[in-house]
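These are my notebook entries on a structure that I had not examined before. I set down what I looked up, entry by entry.

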Amino acid sequence: MSSYLSKRYQALEAYTPGEQPRDMRYVKLNTNESPYPPSPGVLEAVTAEAGRLQLYSDPVCAELRDALAARYGVKRENVFVSNGSDDILNFAFMAFAGDSVPACFPDISYGFYRVYADLHGIDSRQIPLKPDFSVAAGDYMNLDGFIAIANPNAPTGMALSRDEIEGIVKANPGHVVLIDEAYVDFGAESCVPLTSKYDNLLVVQTFSKSRSMAGARLGFAIASEGLIADLEKIKYSTNPYSVNRMTLAAGIAALAADDYNMENCRRVMKTREATAARLRDMGFEVLPSLSNFLFARCPGQSGEALYLALKRRGVLVRHFSDARIADFLRISIGTPEQMDVLFEKLSEILEG
Ligand code: PMP
């Protein structure tokens, strides 16, 4: 850190992204990417658009927002897009928390919530998960703060029902409730249908997981016109061209291939259930997941040691050092063949 860094950022602890190693080819089950390639139309659309890169992208993102509006049964004015859902989460923390409004979120959740709060000098209120690692919906009533909940939650994979979230949205009418649905297409109930009923509900989703486009960086939000206009104001105050031409084209092509993408989600869900059963057979405790990953621990085994032993054998999973979850591994769901490699290496380690 240089002595030039502004004082306000000197104590900031940045987010640590999952490893993207280049040293060897791993079976990569550590950052919840899709094991399947994007739909063939995406490649064609990106290739065609590459020839027009001398021109700026459309800051309104009209065509993509219209396609999303049609897919989700809302209007263009209810849709916001930007450079990955991380970008949108950042804008939302800037727009809807701060001054005297704290940011409230589960103590075990997506690590970026704490970072965004710290980045913008927002007070964080971390609300403990229940002992079974589920989000304690009852603890989110009348909080007098901005609320961010990942549903399904990460890294647990566990989800609240739409009714439980509606209760939270209703009980906090003076503040924005952000539901981060990065993993919703793998079996949880989406809160998008509630956005027409509650003007304080902001639903954020991504093309990174269920549409196989993590590398394209494309996220979207659905909410009342007022909240979308607020997000646009922040985006136009930072980078109006935050979605590049190739990604806009890729997003439109991906929505045209919705059946392909939703079929891949069903494949991942099927592999998830088979993987959970095999892990339980091996003695693991596996949290009930509605996402494209599993959170599991093996009694008597250190999570870190298991993570390192797998890594040495070419299988990359995610380990978090927070005390309450240090025994767990977060395992992204890959192809059935990738999961076979995981089990082969796990047996080797546990039997050795
Ligand atoms: N929310 C959650 C809960 C996530 O796990 C992730 C992925 N790391 C994101 C948001 C960000 O996704 P992206 O920026 O790729 O859209």
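**Entry 1: a salt bridge to begin with**

I began with Arg-217, which forms a salt bridge with Asp-86, the closest N and O atoms being 3.8 Å apart. I used the term for a side-chain nitrogen of Lys or Arg within 4 Å of a carboxyl oxygen of Asp or Glu. This pair links distant parts of the chain, with Arg-217 in the loop between E7 and E8 and Asp-86 in helix H4 (residues 84-96), 131 residues apart. I took helices (H or I, at least four residues) and strands (E, at least two) as DSSP runs, numbered from the N terminus. Arg-217 has a relative accessible area of 29% and is therefore partly exposed. In these notes buried means under 20% relative accessible area, exposed over 50%, and partly exposed in between (1.4 Å probe, protein chains only).

**Entry 2: basis of the notes**

I recorded that this is a predicted model, in which local features need pLDDT of at least 70 and side-chain atom pairs count only at pLDDT 80 or more, while totals for chains, interfaces and linings use all residues. Residues are numbered from 1 along each chain as its sequence is written, and side-chain values use heavy atoms, with hydrogens and water left out.

**Entry 3: further salt bridges**

How many salt bridges does the rule count? I noted 19 salt bridges. In one of them the side chains of Asp-258 and Arg-211 meet at 3.3 Å, N to O. That pair also links distant parts of the chain: Asp-258 is in helix H9 and Arg-211 is in the loop between E7 and E8, 47 residues apart. I found both Asp-258 and Arg-211 buried.

Arg-266 forms a salt bridge with Glu-263, and here the closest N and O atoms are 3.1 Å apart. Both residues lie in helix H9, 3 residues apart, about one turn of the helix. Arg-266 counts as partly exposed because its relative accessibility is 47%. Glu-263, with a relative accessible area of 38%, is partly exposed.

**Entry 4: two domains**

The domain assignment of the chain gives domain 1 (7-37 + 259-351) and domain 2 (40-257); such bounds come from an automatic or database assignment. The contact between them takes 33 residues from domain 1 and 34 residues from domain 2, where contact means heavy atoms within 4.5 Å. The C-alpha centres of the two domains lie 24 Å apart.

The size of an interface is often given as the accessible area lost when the parts come together. Between domain 1 and domain 2 about 2800 Å² is buried, of which carbon and sulfur atoms give 64%. Buried area is the accessible area (1.4 Å probe) that two parts lose on being put together, summed over both. In domain 1, Tyr-15, Leu-290 and Arg-324 lose the most area to domain 2, together 25% of what that side buries.

Which residue does Arg-324 pair with in a salt bridge? The partner is Asp-107, with 3.6 Å between the closest N and O atoms.

**Entry 5: buried residues**

I looked up Ser-210 in the loop between strand E7 (201-206) and strand E8 (219-222). Is Ser-210 buried or exposed? Ser-210 is buried, because its relative accessible area is 3%. A polar contact of 2.6 Å joins the side chains of Ser-210 and Asp-185.

Thr-247 has its place in helix H8 (residues 245-256) and counts as buried at 4% relative accessibility. The backbone oxygen of Ala-216 lies 2.8 Å from a polar atom of the Thr-247 side chain. Not counting residues up to four places away in sequence, Thr-247 touches Ala-216, Arg-217 and Leu-218.

Cys-61 is found in the loop between helix H2 (40-50) and helix H3 (62-72). With a relative accessible area of 2%, Cys-61 is buried. Beyond four places in sequence, I found that Cys-61 touches Val-81, Lys-235, Val-243 and Leu-248.

Note on methods:
A polar contact is a pair of N or O atoms within 3.5 Å; within protein, one must be able to donate a hydrogen and the other to accept it, and residues adjacent in sequence count only if both atoms are side-chain atoms.
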